[in-house]
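Look at the model below together with its sequence.

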Amino acid sequence: MYMPDRHGESILPKINIVDLRTEYRDKRFKGLFSQELIIAIEDALSNKEQVLLFQNRRGYAPTINCNICGWQADCTNCDVHLTVHKAFHELRCHYCGTRARIPAQCPACGNHDLFEQGFGTEKIEENIKEMFPTALVARLDMDTAKTKLAFENILHDFEEKKIDILVGTQMITKGLDFDNIALVGVLNADAILRYPDLRANERAFQLLTQVSGRAGRRAKQGQVIIQTYSPEHPVIIETMHHLYNRFFERESAERKAFRYPPYFRMIQIELLHKNAATCAHAAATYADQIRKLIGNRILGPAIPSIARIRGQYIQTITIKMEKDTKIVSKVKKIIMEERDKLRNMPACKTVRVNVDVDPY
Ligand SMILES: [Zn+2]
Ligand SMILES: [Zn+2]
């Protein structure tokens, strides 16, 4: 699991949590920024200090839709929405690379007033430039820093103080260790907390701690403002108070209780096919066969949160085992033998089976 690592003797930053529910209720919320964050940005700029703004989504908005007929911009190959990229004048799929024009009107009903839902780094950059027109603003994400050189150029400009406010995805945690960052703003922590993964909490704690850590300076305490709809979430509280030990103990207890690694061994099986029924049939057949031989160590088949990627439907089977070499090798052997049998069945032979041992 993650161990925090801070360079030098810098002071831990002061972390403030902004509850977006009360911000909205009391009408203090302006666009994407709480009043507290706006004031903190103003302060940093007037002290000639630098600001980092973090959002874990690139692009302008995660999707575009029609409020009249319910149309949504979806990828034709994947079960995900297309992301709006205004800078490229395109909609893009972040899974398969599909690109489409941003429609001027709803393709289903002709409505001209399409709604961009949510926000990514591009929209933050646009809004912050409007609010602070004299500030030097730049963006660091997979779109602006596609090459190593582009990435280094942005870091160099930041170091040379040619950038006052840097907006970015988790890329900003890589290589940014400068002494002039007074403020880090996390615009929406909920997108990190809701990651559909067994390691969601660990990822969230790690990311929030790493992002916050950019605000630590050797001479002066940095400030972090985390905007969230879930201020009571244990990961938020542990991040806020730097409670690494409490995070570790709580997370360990949960993993033990739910038979997760590192206390149990795990095998994740993924079945893929372009036909949903074929995929489901193969997954059910395979799981039934394995279940007969290893009993309740197997879970599934289940449909993952993204059910189709690049035209392939996906089903998953999870196996959790005691940490016992004999049991693990027996289970592995059964999985491989049953996979071979599956491949010999006419109805299942075109189904791809990926076996991932200890995926986490
Ligand atoms: Zn419509
Ligand atoms: Zn796609």
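A residue is called buried if 20 or more other C-beta atoms lie within 10 Å of its own, exposed if 12 or fewer, and partly exposed in between, with C-beta atoms placed from the backbone. Helices (H or I, at least four residues) and strands (E, at least two) are DSSP runs, numbered from the N terminus. This is a predicted model, in which local features need pLDDT of at least 70 and side-chain atom pairs count only at pLDDT 80 or more, while totals for chains, interfaces and linings use all residues. Residues are numbered from 1 along each chain as its sequence is written, and chains are lettered from A and ligands numbered from 1 in the order in which they are written.

The protein chain is divided into domain 1 (14-60 + 119-255) and domain 2 (265-357); such bounds come from an automatic or database domain assignment. Taken over C-alpha atoms, the centres of domain 1 and domain 2 are 39 Å apart.

Strands of a sheet pair through backbone hydrogen bonds, either parallel or antiparallel. Here two strands count as paired if DSSP finds at least two bridges between them. One open sheet has six strands in the order E1-E11-E10-E2-E9-E8, with parallel pairing. Strand E1 (14-19) and strand E8 (137-140) are at its edges with a single partner strand each, so one side of each has no neighbour in the sheet. Within this sheet, E2 (residues 50-54) and E9 (residues 165-168) pair in the parallel sense over four bridges, and Leu52 stands opposite Leu166 in E9.

Another open sheet has three strands in the order E4-E5-E6, and its pairing is antiparallel. Its edge strands, E4 (83-85) and E6 (99-101), each pair on one side only. Strand E5 (residues 90-92) is joined to E6 by three bridges, and Arg92 stands opposite Arg99 in E6.

Which residues of H8 are buried? They are Phe247, Glu251 and Arg255. Seen down the axis of H8, these buried residues fall within an arc of 55°, so they line one face of the helix; the arc is that of the directions from the helix axis to the C-beta atoms. An α-helix has 3.6 residues a turn, so residues three or four places apart point the same way. The face of H8 turned away from the buried side carries the exposed residues Asn245, Glu249, Ala253, Lys256 and Ala257. After H8 comes Arg259, whose phi is positive, near 55°.
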